[in-house]
Amino acid sequence: MFSRLFVAAFNCLQAYVFIGRVEVGVALQISFIHSSSQDKVVEVCSKEQEIAIALGSNVGDRLQNFNEALRLMKKSGIHITRHACLYETAPAYVTDQPQFLNSAVRAVTKLGPHELLSAVKNIEKQLGRTAGIRYGPRPIDLDILLYGKYKVHSDILTVPHERIWERPFVLAPLIDLLGSDVDTDVVASWHALAADHGGLFETWEKAGGECLVGKEGMRRVLPIGNSLWDWSCKTSVMGVLNLTPDSFSDGGKFQSIDAAVSQVRLMVSDGADMIDIGAQSTRPMAPMISVEEELDRLIPVLEAITGMPEMSGKLISVDTFYSKVASEAVKSGAHIVNDVSAGELDPEMHKVVADLNVPYIAMHMRGDPCTMQNNENLQYDDVCNQIALELHSKIRDAELSGIPAWRIIIDPGIGFSKNTKQNLEILRGIPKIRAAIASRSLGLSHVPMLVGPSRKKFLGEVCSRPVATERDPATVAAVTIGVLGGANIVRVHNVRDNVDAVRICDAMLKEM
């Protein structure tokens with residue numbers, strides 16, 4: 001991998017005119033920009049430059065500070081293309097202060113480096129940043145980490161940021177913005193600018209690498225409601241509540257409010273962490289119902305469930321591929337949007353979810369429920385790699401629409417446009433799926449993964465159980481394989497048995 005970091009010829013197409021001094025490092029074709037307070041700098045941008053900016057906050061509503069900073073960046077001509085994961089970290093240097101949220105974004109801009117500095121300083125000011133203790137508390141901290149293929153040295157700006165190499169809370173999100181494959185000459189130049197010959201990856205490993213994440217002082221988190229969820233602590237169990245007359249396992253059983261509330265109460269008492277409510281069947285060949293019919297089924301039950309005392313501390317996701325249903329459900333108390341089409345069946349979904357600021361479960365599926373099991377949609381050369389690449393493409397669309405990586409959960413879509421053999425390959429191939437996504441985005445490869453094998457047809461085919469409700473033991477086995485392979489959420493009908501299964505899996509994983 002590292003040998004490829006220095007192969008690309010870096011053709012710097014952005015012109016800078018300085019009354020000062022410009023030097024070019026010929027060997028690496030990286031430009032070095034020097035100026036002082038006496039130099040008058042005129043920056044003439046002929047091409048967008050790719051940049052990386054770190055974000056930090058430990059005062060006020062930290063997440064809202066991030067959201068507002070991202071909004072102001074876009075208004076300032078900083079077009080965000082990738083987001084890192086979100087990290088909660090212990091303060092450095094000045095330790096007597098609240099914990100920080102840290103992340104980073106990758107973006108393109110036509111602003112010159114000093115214009116960019118002015119823009120981010122203005123954003124900090126708008127969000128209440130004032131002069132204070134160095135390294136002390138602040139509502140927002142925006143640092144320019146990397147700027148195109150340039151090294152910048154002036155009285156007010158140094159790029160790469162001079163303290164990148166000593167700060168794991170900066171390195172972790174910066175690495176998230178890269179893929180394990182070096183896919184552009186700009187990324188190759190960023191590796192070449194690193195403190196180590198092996199590039200940014202070697203620098204990160206020397207700092208402690210992935211072993212640092214999840215330990216005291218740095219944890220990867222996903223914001224849900226008013227809390228931060230560290231999905232590495234335990235596997236979450238999501239109980240299924242179908243409000244449909246035609247779902248493959250329990251269609252028609254929970255259409256009344258009383259029946260639905262009773263089932264939720266049972267699942268919560270059995271140990272469910274989340275309840276996934278669906279008012280539209282997505283079984284093979286299921287006909288689509290209208291937005292209005294789905295809302296008529298969903299909202300009364302959702303409102304009743306959110307009012308249950310037992311739901312305190314529990315999460316509710318809405319299983320829908322309609323953006324209007326997603327929006328109305330979140331207004332009525334849902335915390336998560338679970339979209340089996342990853343935005344494919346409603347072009348407005350990504351934009352709507354971005355504006356809702358809630359977690360988004362993006363599932364892999366080809367076609368729609370009526371077409372997903374046709375012969376064309378079941379053709380894979382390598383099912384795990386192709387799921388990863390197709391799912392990554394959908395997630396990138398979501399990111400570009402404004403859903404940051406720190407709000408995304410992925411689902412490989414067991415039972416959706418896959419046959420029995422392919423479903424089994426997915427269960428044993430979760431690490432392979434993550435690795436294939438990592439080749440393009442290390443950040444997205446780290447996000448939580450949901451698997452939903454519960455009572456599905458492939459289990460019946462393997463175990464000769466044609467009746468869906470007789471597949472619970474097979475579901476426990478499938479869930480166990482998934483959790484030991486790296487799944488973070490399991491979506492199941494029988495909560496009690498699967499809670500026990502994941503507890504055993506979690507205990508085993510802690511011993512490994």
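Student: Leaving aside its neighbours within four places in sequence, which residues is N423 in contact with?

Tutor: N423 is in contact with I414, G415, K418 and F458, where contact means heavy atoms within 4.5 Å. This is a predicted model, so local features need pLDDT of at least 70 and side-chain atom pairs count only at pLDDT 80 or more, while totals for chains, interfaces and linings use all residues. Residues are numbered from 1 along each chain as its sequence is written, and side-chain values use heavy atoms, with hydrogens and water left out.

Student: Is N423 buried or exposed?

Tutor: N423 is buried, with a relative accessible area of 3%. Buried means under 20% relative accessible area, exposed over 50%, and partly exposed in between, using a 1.4 Å probe and protein chains only.

Student: New topic: how many helices and strands does the protein have?

Tutor: There are 16 helices and 21 strands. Buried residues make up 59% of the 512 residues.

Student: What about helix 16, which of its residues are buried?

Tutor: They are V495, N498, V499, A501, V502, C505 and D506. These cover an arc of only 165° around the axis, so they sit on the same side of helix 16; the arc is that of the directions from the helix axis to the C-beta atoms.

Student: What do those buried residues pack against?

Tutor: They pack against strand 14 (236-242), helix 6 (257-269), helix 15 (472-485) and strand 21 (489-492).

Student: And which exposed residues are on the face turned away?

Tutor: That face of helix 16 carries R496, R503, I504 and E511.

Student: Which residues are buried in helix 5?

Tutor: In helix 5 (residues 199-207), G199, L200, F201, T203 and W204 are buried. Their cover includes helix 3, helix 4 (185-192) and helix 13 (442-445).

Student: What comes just after helix 5?

Tutor: G208 does, and it takes a positive phi of about 130°.

Student: You mentioned helix 3, so how many of its residues are buried?

Tutor: Eight of the nine residues in helix 3 (168-176) are buried, which leaves this helix mostly covered. Among the buried ones are F169, V170 and L171.

Definitions and conventions
Helices (H or I, at least four residues) and strands (E, at least two) are DSSP runs, numbered from the N terminus.
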